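Hi,

Here is the structure I promised to pass on. Please have a look at it first, and then read my notes below.

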Amino acid sequence: MSPTPSTTAPYRRPTPAVPPSPVRTACALWLTAVAAGAFETVPAVGRMAADGSGSAGETGTGLAVRFTVFTLAVLIARRMRGGARWARVALGTASMVVQPPAYLTDGGSLAQTLSRAGALDLVFAGSRIVHMAAVLAAVALMFRPAAGTWFRRAG
């Protein structure tokens, strides 16, 4: 009798498909946004310490909330990179780009704000610009045609 191929060969996990470039780039941009957000924390805490506007409890609570949000954003970005459609939607709607335009629509003046800005404010603003640009670019990339195909196949 001739040997037959074994039907009890060890199970091999299928190699996951590589996401398309827009999805990989969007994930990298989400991680950039999280890093910029984490960096924004430093001047924000510095400002509160310098002007005495926040107690230790308020600062600790704020840091805990930010840490939780940043952790969730990283985890959701990883799920988005893996093809989870819900993660793409969650990231697209939970961006941090509402506050600055809201300030301007409420009558805030960019020129006036910049004229009063100190070095710490400018560092914070630069970080916020990087943060917002990364979020906006990531959202746009997540909805490119190649990304849409990826999410339909993966999900």
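What follows is a short account of what turned up, going from the whole chain down to a single residue.

First, the ground rules. This is a predicted model, in which local features need pLDDT of at least 70 and side-chain atom pairs count only at pLDDT 80 or more, while totals for chains, interfaces and linings use all residues. Residues are numbered from 1 along each chain as its sequence is written, and side-chain values use heavy atoms, with hydrogens and water left out.

On confidence, the chain has an average pLDDT (the predictor's confidence in each residue, from 0 to 100) of 81, and 79% of the residues score at least 70. Helix 2 has the highest confidence, at 89, and helix 4 (residues 99-105) the lowest, at a mean of 62. Where pLDDT is low, the predicted coordinates should not be read in detail.

The chain has seven helices and zero strands; these are DSSP runs numbered from the N terminus, with helices being H or I of at least four residues and strands E of at least two. Of its 155 residues, 26% are buried, meaning under 20% relative accessible area with a 1.4 Å probe and protein chains only.

Helix 1 (residues 21-51) packs with helix 2 (residues 56-81) at about 175 degrees, the axes being 9 Å apart. Axes here are lines fitted to C-alpha atoms, for helices over the stretch in contact, and angles run from 0 to 180 degrees between N-to-C directions. The two helices are therefore roughly antiparallel, a label for angles over 145 degrees. Just after helix 1, Gly52 has a positive phi of about 65 degrees.

The length of helix 1 agrees with expectation: its 31 residues should span 45 Å at 1.5 Å a residue, and its end C-alpha atoms are 45 Å apart. The expected span is 1.5 Å times one less than the number of residues. Among the buried residues of helix 1 are Trp30, Glu40 and Thr41.

Helix 6 (residues 119-142) passes the length check too, since 24 residues should span 34 Å and the end C-alpha atoms are 35 Å apart. Its buried residues include Phe124, Arg128 and His131.

Finally, which residues does Ala84 touch, not counting those up to four places away in sequence? They are Arg79 and Phe151, with contact meaning heavy atoms within 4.5 Å. Ala84 is in the loop between helix 2 and helix 3 (85-93), and counts as buried because its relative accessibility is 11%. Its C-alpha is 9.5 Å from that of Trp150, 66 residues away in sequence.

Best wishes

Key
Angles under 35 degrees count as roughly parallel, over 145 as roughly antiparallel, 65 to 115 as roughly perpendicular and the rest as oblique. Buried means under 20% relative accessible area, exposed over 50%, partly exposed in between (1.4 Å probe, protein chains only).
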